[in-house]
Amino acid sequence: MAPPNALIVTPRDYVFGTESDLLVLECGRTLGPVTIRYETYGNLDEHRQNAILLLHAFSGDAHAAGYHSPDDAHPGWWDSMIGPGKAFDTDQYYVICSNVLGGCRGSTGPGSTNPDTGRPYGLTFPVVTMQDMVTAQQRLISHLGIDRLLAVAGGSMGGMQAIQWSVSYPNNVAGAIVLASTARLNAQGIAFNAVGRNAIMSDPLWNGGDYYGGNTPDRGLSIARMVGHITYLSDRAMHERFGRRLQERAGFGFDFNDQFEVESYLEYKGGTFVDRFDANTYIYLSKAIDYFDLGGKYGGLDAAFTDCRSKFLVVSFTSDWLYPSYQSKEMVVALMRQEKDVSYVEIDCPFGHDSFLLETDRQGPMISSFLETVYTDVQSTR
Amino acid sequence: MFNRRAEHFSYEEIARLIEPGSSVLDLGCGNGELLQLLRDTRNATVRGVDIEESMIRECLKKGISVFQGNLDEGLKEYGSGSYDYVIMNETLQVVHQPVQLIREMVRVGRTAIVNFPNFGNLVNRMQLLVWGRMPVNRDIPYQWYDTPNIHFCTRRDFVQLCREMAIPIISTIDMRHNRRISPKTANLLATECCFLLKGSTPDAPIV
């Protein structure tokens, strides 16, 4: 049950990309029609200058804050950061969050119906990139009547989109908040994504991606999620939470029926994930992350950032070994070399990559200060 | 970086040194108060570096761009002559490699500004002479075993270092409890000394 006075939000859909207006993708293919599921919180100010676009991470969706109904058990994925008086203060800002292109939570993705065949796309869905996701978001923003965003903000894969936004649309983003992210995925990250995809693809039910309407490759997807989940935590976080405790047993059974608590936790996480996530989306989004290499694409990070006009806030976390701090620093240093306005902070906390979702007390005030500065700048240069 | 000091070097004195509209990098910027003053009164483009998260938060609150980093790792990310001024305010004595950092400051800045407590001042000398104890007073409020200050020097030591490093000293400001005093007696009487050093970048303008 949602608490009393909880914010009740209704997701909305924006559909674009009709015959004459198809979405042109980085791979060269076109896509349409495209649905983008989104939610908004707060109100747009009279000059349309207070809009913030939140960019969700790999397994996130458009539901960033509030509840869908009073009976809803869980709030949106970043509810601790969004709302009146919170870091993304909805008394001041108009906050938008949309599900990415290729997603499975309302936006067009591999599970959507291909209008040409009347059947789900499956693997015939084009491979999408961070840039494609951003292009689709830009269409939504412009549909909402916003020329220039006050800020884009996201962690992990969302951070990649935030960077891509400031590079692709330098004049349309005043501030970019990049949390626990990187300008390119390194071999270690690609390796983990490959394991996830392999787990899915080796599930016989995956059937080359053609499983819609039948049994879904739950086992493969849940193993992929387990591996992913390990990379979001840290040695210390796991030790403190689970230790070596056994589930429902005091000592070893000397058989294979006993389980450590951490095993049971991963099983649980994998099991709940399959209820809300599509295996093909896992494959597509992880590929988009693998492909993300800003420097590679633009001939060096410096070249990528040359035309950026956003003010940046980059945050990394000491215990994040998936997107380690040095990767954030590489990006920050390139921005500094290009004389861009950038602030960098490395938060010392033990929650691993997931810190950007869990740690709100410390990153919250910094984000809120940053937004205030950008908002003041924007208003003074009106 | 460390704010237990009872007094700090007059920020107004530093502000007077800064040409309006210039770019300023402050190493060990603390809560950003100096940079805020330079931004607001000298129209300077400012950026800070500090190691402590709480200080980063204070800077962001003031709208000052800041990089959380360790000065002991040097300034290799910063281009030569990329700032009009590189300031190190009350920080020289806490870094591990002061010589390297000063060399980096005059590389990155067209002008470097360094201020530090003068360990050679009379009070410190008397405490050591009379009591035979390490000086602890309002300018140096730390016990020897619990101090961030690992590289104290006297004014004369610093002048000597600049000579050895072949760094031209443009000017100095010598303060005794926030009042300017003559350079002639400064090694004995100054509590704080501030040095304006000429950057090593060839095209640095003559100030």
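How many salt bridges does a search of the whole structure find over all chains? The count is 25. The model is a predicted one. Side chains of opposite charge can pair when their charged atoms come close.

Start in chain A. A:Asp13 pairs with A:Arg37, and the closest N and O atoms are 2.5 Å apart.

Most residues other than glycine have a negative phi, and most peptide bonds are trans. The bond between A:Gly32 and A:Pro33 is cis, with omega at about -5°. A:Pro33 belongs to the loop between strand E3 (30–31) and E4 of chain A.

A second salt bridge in chain A joins A:Arg245 and A:Glu261, at 3.2 Å from N to O. It too links distant parts of the chain, 16 residues apart. A:Arg245 is in the loop between H5 and H6, and A:Glu261 is in helix H6. A:Arg245 has 41% relative accessibility and therefore counts as partly exposed. A:Glu261 counts as partly exposed because its value is 21%; the cut-off for buried is under 20%.

Rolling a probe the size of a water molecule over the atoms shows where empty space is left. Three cavities of 30 Å³ or more are counted. Which residues line the second largest cavity? From chain A come A:Lys311, A:Ser343, A:Phe370 and A:Thr373. From chain B come B:Leu60, B:Gly63, B:Ile64 and B:Ser65. Three of the lining residues are nonpolar, four are polar and one is charged.

A:Lys311 takes part in a network of salt bridges with A:Asp341 and A:Asp377. A:Thr373 is placed in helix H12, residues 363–380, of chain A. With a relative accessible area of 13%, A:Thr373 is buried. From A:Thr373 to A:His63 is 310 residues in sequence and 27 Å in space, C-alpha to C-alpha.

Now move to chain B. Here B:Arg57 forms a salt bridge with B:Glu53, with 3.9 Å between the closest N and O atoms. Both residues are in helix H3, residues 53–61, and because they are four residues apart, about one helical turn separates them. B:Glu53 is buried, at 13% relative accessible area, whereas B:Arg57 is partly exposed, at 24%.

Two backbone angles in chain B stand out. B:Glu90 is not a glycine, yet its phi is positive, about 60°. The residue lies in the loop between strand E4 (83–89) and helix H4 (98–108) of chain B. B:Glu90 is buried, at 13% relative accessible area. B:His177 likewise has a positive phi, near 45°. The loop between strand E6 (169–176) and strand E7 (179–180) of chain B holds B:His177. At 25% relative accessibility, B:His177 is partly exposed.

End on the surface of chain B. A nonpolar patch there is formed by B:Leu122, B:Met126, B:Leu129, B:Val130, B:Trp131 and B:Leu188. Together these residues have about 640 Å² of accessible area. Which helix gives the largest share of the nonpolar patch? Helix H5 of chain B, residues 122–131, supplies five residues. B:Trp131 is in this helix. Its relative accessibility is 66%, so B:Trp131 counts as exposed.

How values were computed: Residues numbered from 1 in each chain as written. Chains lettered and ligands numbered in written order. Predicted model: local features only at pLDDT ≥ 70, side-chain atom pairs only at ≥ 80, totals over all residues. Heavy atoms only, no water. Patch = residues over 30% accessible without salt bridge, like charges linked within 9 Å, V, L, I, M, F, W, Y side chains within 5 Å. Areas by Shrake-Rupley, 256 points an atom, 1.4 Å probe, with all protein chains shown as cover. Salt bridge = Lys/Arg side-chain N within 4 Å of Asp/Glu carboxyl O. Helix = DSSP H or I, 4+ residues; strand = E, 2+ residues; numbered from the N terminus. Buried < 20%, exposed > 50% of the residue type's maximum accessible area, 1.4 Å probe, protein only. 1 Å grid on protein atoms, 1.4 Å probe; cavity = no way out; pocket = protein on both sides within 12 Å on 5 of 7 lines; lining within 4 Å. Points joined across faces, edges and corners; volume = space filled by probe spheres on them. Nonpolar A, V, L, I, M, F, W, Y, C, P; charged D, E, K, R; others polar.
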